[in-house]
Amino acid sequence: MLELRNVSKVVGGKPHLSDISLTLEHATLNVLLGPTLSGKTSLMRIMAGLDVPTSGSVWFDGRDRTGVPVQKRSVAMVYQQFINYPAFTVYENIASPMRVAGADNATIDREVRKAAELLKLTPYLDRTPLNLSGGQQQRTALARAIVKNAKLVLLDEPLANLDYKLREELRQELPKIFAESGTIFVYATTEPHEALLLGGNTATLSEGRITQFGSTIDVFRKPDDLITAQTFADPPLNTIALAKFGKAFQLEGGVALPVPAHLAEFADGTYTIGFQPHHVNTARSTPDEIGLKATVTATEITGSESYVHLSFADARWTMLAHGIHIYTPDEEIDIFIDPRNLMIFDASGNSVTRRQKLAA
Amino acid sequence: MARIDLNHIRHAYGPNPKSDKDYALKEVHHSWEDGGAYALLGPSGCGKTTLLNIISGLIHPSHGQLLFDGQDVTNLSTQERNIAQVFQFPVIYDTMTVYDNLAFPLRNRGVPEPEIDRKVRETLDMIDLASWANKKARGLTADQKQKISLGRGLVRSDVNAILFDEPLTVIDPHMKWVLRSQLKQLHQRFGYTMVYVTHDQTEALTFAQKVVVMYDGEIVQIGTPEELFERPRHTFVGYFIGSPGMNVMPVTLLGGMAQIGGHQVQLPSPAMPTAAGKIELGIRPEYVRLGRQGMPVKIAKIEDIGRHKIVRTRLENQEIAVIVGEGQDIPAEPHIAFDPKGINIYADSWRVGGQ
Amino acid sequence: MEKTWNNKAWFMVLPVLLLVAFSAVIPLMTVVNYSVQDTFGNNQFFWAGAEWFDEVLHSERFHASLGRNLIFSAIILLIEIPLGIVIALNMPRKGWGVPVCLVLMALPLLIPWNVVGTIWQVFGRVDIGLLGHTLANLGINYNYVQNPMHAWFTVIIMDVWHWTSLVVLLCYAGLVSIPDAFYQAAKIDGASRWAVFRYIQLPKMNRVLLIAVLLRFMDSFMIYTEPFVVTGGGPGNSTTFLSIDLVKVAVGQFDLGPAAAMSIIYFLIILLLSWVFYTVMTNYDAER
């Protein structure tokens, strides 16, 4: 079990990480999700022991490991760049951590071949990394992390430099590869889609803080606050400010809506509502759906789905609709949203809908 | 803007190419419309960058001709071709302001200063950077820098085509959406001829009117996103486009039916030609229905990705991925059925019959 | 990126610190000691206060040498920096020419200072040297032993020959780090050769140029061996730079006090000027 207790990191007067407490269990896959510079890499460096936190402590299996350098911890890291020993063959690259640990040749051979088989590298064992494709180079780095048999494996955007389809394949294989090892597996990414495909747990990061940590699908479906919801949305979360007076919602664009029954008990005041692009529909499917008129700014068609970019008052929204919908720009269309899919955030950004569900 | 004709273009990096294998780019013979938005899509090493470099003039093709609006530009330099290009990593002139960056290509061409001012201000509005005009370009974010790169192309009135070489690589996911839709709007409003190289299907499909799918130095299909999704000409297109890609399984054809292991599937049109070679059936996960009727399957894994679930099923020895809607239940005794309109038949990996 | 804090690292540095203490700090203190005292030999010292400093700072001879140094460094920088940039710009970026050029460029840097001096001393001689002989045959009465202009010319050419390579190598390292996309973009923008240099190459080189200017300034300001070997500071005092003058005072005349004061002043001038260069150039960089 890896435990971070109130970890902060300040570099040159600027806070890179602020008061992070996080507990990661053995044999779990944990995603750190956040935009560039949100602190993912800083956090991983502290987990690895490459950096010492300014304050707070790092515990592993009940022992305080703060300040213990990386060499003395059981850690493997894989980076966005493909880092291998260029002069070694793939076989020697994979074997290197075991050679350092002083394993005997028979064990090394067995483990290397097992890892190579798992990562489909067997035909390339005699080549050097520079004669491999990017995907194969990154597989080599992953295989090295596996044979090291570390208790903590840190992957810092390992698939970012690979082709889309290769990413898709490796992403599928990765959880399987690490599933049986009992390892704590930490994976940093900027892409919400990637977090969802990996599953496991997700911690969302924003400006050096963890905004929420929980099972990936839970964090996605039930964000605690607006920042988490925005971090964990691709396409971006649709939002609009509104004011509630008794039985009416007053929307930013001057539109008034009746308050849906299940939201009636909220206090009057100003709120931000958020809803996912795939929850915007082109046709009414249930009678209590909210209907609005929005203006099309652009349409993107992927073949099976359409991303329709909309403007509503000052807000920019995206609708993700099944099938192919062709609209001309500036066309005004009807859109429908099921009120049960609305996330409502109060003035300080905390989710009111979530609190309501927790209480129920 | 111009129409681009690729006349029997081939390219080999080594000298004296003999067999097809020596060519990084096998024969390309196409005509791209004036004002069209084209995406070159494929895995690394498929020849898409080679093709882009041939259009930009960085590479001189071993064979064939390149025409802009009917005029042969094969032997012209990059400069003489009047193209604009946005690169993978933002290229900006660090020491200049945003305004001067945009004015640079015009000043180099000796455009009079009042004209420059008008064009630059117009372009700054187009790319939403008007309030940044007097800022130094070096302090900007990656997405703003990419917009400046684009702006240096838009500011010129003589541009034949705008080329993009994986321009969103260094952009955060949220900004990608914003940039892409801005690009789309610019294209709709001004009708530039655009060629966009990427390995990312979402980028290619959402950006382009026509997607050029390349594999192993060849163009395997040019089509609208819809065509590529519904009727992939080659199993590679089926695999490469869609997430997850198309399910492809070996079948035997019997009249209007396809035999998959011990099961039979009704084909959309009864008059499927009997094709020779290896016969396969392709169906996208979106067209496989999971329910209580059809062929019994085992479920290997369920991936809940929020807006839908990807269910990995096994039909005898065949893995079949199914996409299931957000609120939809997964039955205890799962069966799958194929929607006939989603079925394609392939002989030796190439699609046969049908429209 | 920040590195792990590790106190053990100090033990690794300790031997070097001791060595530096013995080789630099202690002799330096000796010099400071000499500069404030007077001695008539026999290890008898008398307190002299700032007297020597005062004397040195008001001496015509010191002013003249300092002036020569400043002019020399200015000429060196004005020739070597632009020349180094031009050569670096024209060096090949790929192919077999790269190692050939790099080795050729590195050659002068490998030759010891006094050997360079000797080479040029012989090279410039009218009777047996190629340069001197050729110039004489062209009807130029070249004589670096008697003509101050010729002596300066020889010392400057010698330094340019010896040290331009350093500037070239530094600039070249800056140039090869520029990605191809920049050149391609410039072509597309219709940039002239000059614009490419001004807006792409020069900005990307400015860090290495700062180092080149600093190194060449400090080195040329401290020049000693080459003029000592070639001209011995002459004819007259025309190539007597501060360093040469200092040796004359200290070893030739055995005026330890003034010599010590002089070397401290000399040291402070170099420190000051280097600092000025550095601040001016980094400020300029930050401003842009």
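Author: In this predicted model, the axes of helix H3 (residues 105-118) of chain A and helix H4 (residues 134-147) of chain A come within 9 Å and cross at roughly 135°. Angles over 145 degrees would count as roughly antiparallel, and those from 65 to 115 as roughly perpendicular; H3(A) and H4(A) are therefore oblique to each other. The crossing of H3(A) past H4(A) is right-handed. On the side of H3(A), the contact is made by A:Glu111, A:Val112, A:Ala115 and A:Leu118, and on the side of H4(A) by A:Ala143, A:Ile146 and A:Val147. By type, the residues of this contact are six nonpolar, no polar and one charged.

Next comes the sheet. Five strands of chain A form an open sheet with antiparallel pairing, in the order E15-E19-E16-E17-E18. Strand E15 (280-281) and strand E18 (315-322) of chain A are at the edges, and each has a single partner strand, so one side of each is left without a neighbour in the sheet. Further in, strand E16 (residues 290-301) of chain A pairs with strand E19 (residues 332-337) of chain A in the antiparallel sense, over six bridges. Within this sheet, A:Gly291 has A:Phe336 of E19(A) as its bridge partner.

Helix H5 (residues 173-190) of chain B lies across E16 and strand E17 (305-312) of chain A, and its direction is at about 75° to E16(A).

Definitions and conventions
Residues numbered from 1 in each chain as written. Chains lettered and ligands numbered in written order. Predicted model: local features only at pLDDT ≥ 70, side-chain atom pairs only at ≥ 80, totals over all residues. Heavy atoms only, no water. Axes fitted to C-alpha atoms, helices over the stretch in contact; angles between N-to-C directions. Helix = DSSP H or I, 4+ residues; strand = E, 2+ residues; numbered from the N terminus. Parallel < 35°, antiparallel > 145°, perpendicular 65-115°, else oblique. Left-handed = near helix turned anticlockwise from the far one by under 90°. Contact = heavy atoms within 4.5 Å. Nonpolar A, V, L, I, M, F, W, Y, C, P; charged D, E, K, R; others polar. Pairing = 2+ DSSP bridges.
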